Amino acid sequence: MSAMDKEFSRYSRQIFMEEVSIEGQRKIGNSRVLVIGAGGLGSPVLQYLAAAGVGNLAVIDFDLLEIHNLNRQIIHQEAFIGQPKVESAASFVQQLNSGISFTPINEKLTTDNIENILSEYDIIVDGSDNFETRYLVNDHCIKMGKTLVYGSIFSFEGQVAVFNYEGSKNLRDIFPSPPNPEDVQNCDQFGVLGALAGIMGTMMAMLTLKVILGINVPINQLTIIDSKNWNFNQLRY
């Protein structure tokens with residue numbers, strides 16, 4: 001089997017879709033996507049973007065893998081505990097799809113390095129777990145003209161949206177400023193069911209592929225999921 005035939009066979013089930021086709025698969029293969037965070041949200045995002053054949057995929061994270069991560073960060077394995085998450089992520093992606101380029105960035109995203117890092121990518125997927133990083137990423141995506149796929153989770157609730165797509169609104173149009181740090185609840189204190197991270201991360205991956213393919217991208221809309229009561233709501237802004 002030739003390399004071209006092998007690639008067609010690998011992605012055939014999405015190529016068969018009229019909305020994707022060979023042309024759309026080329027777009028996926030030529031896309032450049034940066035995932036921020038290799039944690040609960042970043043894990044399913046990386047899984048499905050790598051599986052879809054995103055040609056240039058990267059993740060930035062500076063954390064080491066800990067055992068309590070494993071209930072939701074499903075690309076990682078026990079063997080990598082104590083090692084950088086980006087190295088574990090690279091091992092996973094290599095085994096899943098060796099035909100794409102994957103770049104692990106073992107750094108903390110800061111005001112000093114963010115422009116240099118974001119400049120290499122067309123779409124930014126934010127799976128970070130703190131407001132400082134979320135607003136830093138949002139503001140620089142606006143400044144640099146990058147489309148941002150946003151997601152967050154807490155306990156039973158998740159949120160997802162596409163920001164700054166062809167001039168659409170952004171995080172500050174919903175929440176003009178971050179909350180006071182002392183008022184912020186987080187998963188380390190109150191926990192999260194791992195399957196929620198899978199739901200929201202998979203939605204983020206789907207939105208990323210929709211952006212790449214230009215298929216009915218939802219803009220100026222925040223989707224809120226209450227998985228405890230099984231309510232799905234959309235907030236227009």
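This is a predicted model: local features need pLDDT of at least 70, side-chain atom pairs count only at pLDDT 80 or more; totals for chains, interfaces and linings use all residues.
Colleague: Let's begin with strand E1, residues 32–36: how many of its residues are buried?
Modeller: Strands (E, at least two residues) and helices (H or I, at least four) are DSSP runs, numbered from the N terminus. Buried means under 20% relative accessible area, exposed over 50%, and partly exposed in between, using a 1.4 Å probe and protein chains only. E1 is mostly covered, and the number of its 5 residues that are buried is 4.

Colleague: Which residue in E2 is the bridge partner of Ile 36?
Modeller: Two strands pair if DSSP finds at least two bridges between them. E1 and strand E2 (residues 56–60) run parallel, with 5 bridges joining them. In E2, the partner of Ile 36 is Ile 60.

Colleague: And which hand does the crossover from E1 to E2 have?
Modeller: The chain gets from E1 to E2 through helix H3 (residues 42–52), as a β-α-β crossover. Point the strands away from you: if the path from the first strand over the helix to the second runs clockwise, the crossover is right-handed. This one is right-handed.

Colleague: Over in E4, which residue is the bridge partner of Leu 34?
Modeller: E1 also pairs with strand E4 (residues 123–126), in the parallel sense and over 4 bridges. The E4 partner of Leu 34 is Ile 124.

Colleague: Is Gly 53 buried or exposed?
Modeller: You'll find Gly 53 in the loop between H3 and E2. Its relative accessibility is 5%, so Gly 53 counts as buried.

Colleague: Where does Ser 21 lie, and what is its phi?
Modeller: Ser 21 lies in helix H2. With 26% relative accessibility, Ser 21 counts as partly exposed. Although Ser 21 is not a glycine, its phi is positive, at about 60°.

Colleague: What about E7 and E8: which residue in their hairpin takes a positive phi near 55°?
Modeller: E7 runs antiparallel to strand E8 (residues 231–236), and 6 bridges join them. One of the pairs is Thr 223 with Gln 234. The hairpin has 4 residues between the strands, and the residue with that phi is Trp 230.

Colleague: Last one: how much space lies in the second largest pocket, and which helix gives the largest share of its lining?
Modeller: A pocket is an open set of points on a 1 Å grid over the protein atoms alone, where a 1.4 Å probe fits, with protein on both sides within 12 Å along at least five of seven lines; lining residues have an atom within 4 Å of a point. Grid points are joined across faces, edges and corners, and the volume is the space filled by probe spheres set on them. Here that space is about 290 Å³, and 13 residues line the pocket, with Glu 7, Arg 10, Tyr 11, Asn 97 and Gly 99 closest to its centre. The largest share of the lining, 5 residues, comes from H1.

Notes. Residues are numbered from 1 along each chain as its sequence is written. Side-chain values use heavy atoms; hydrogens and water are left out.
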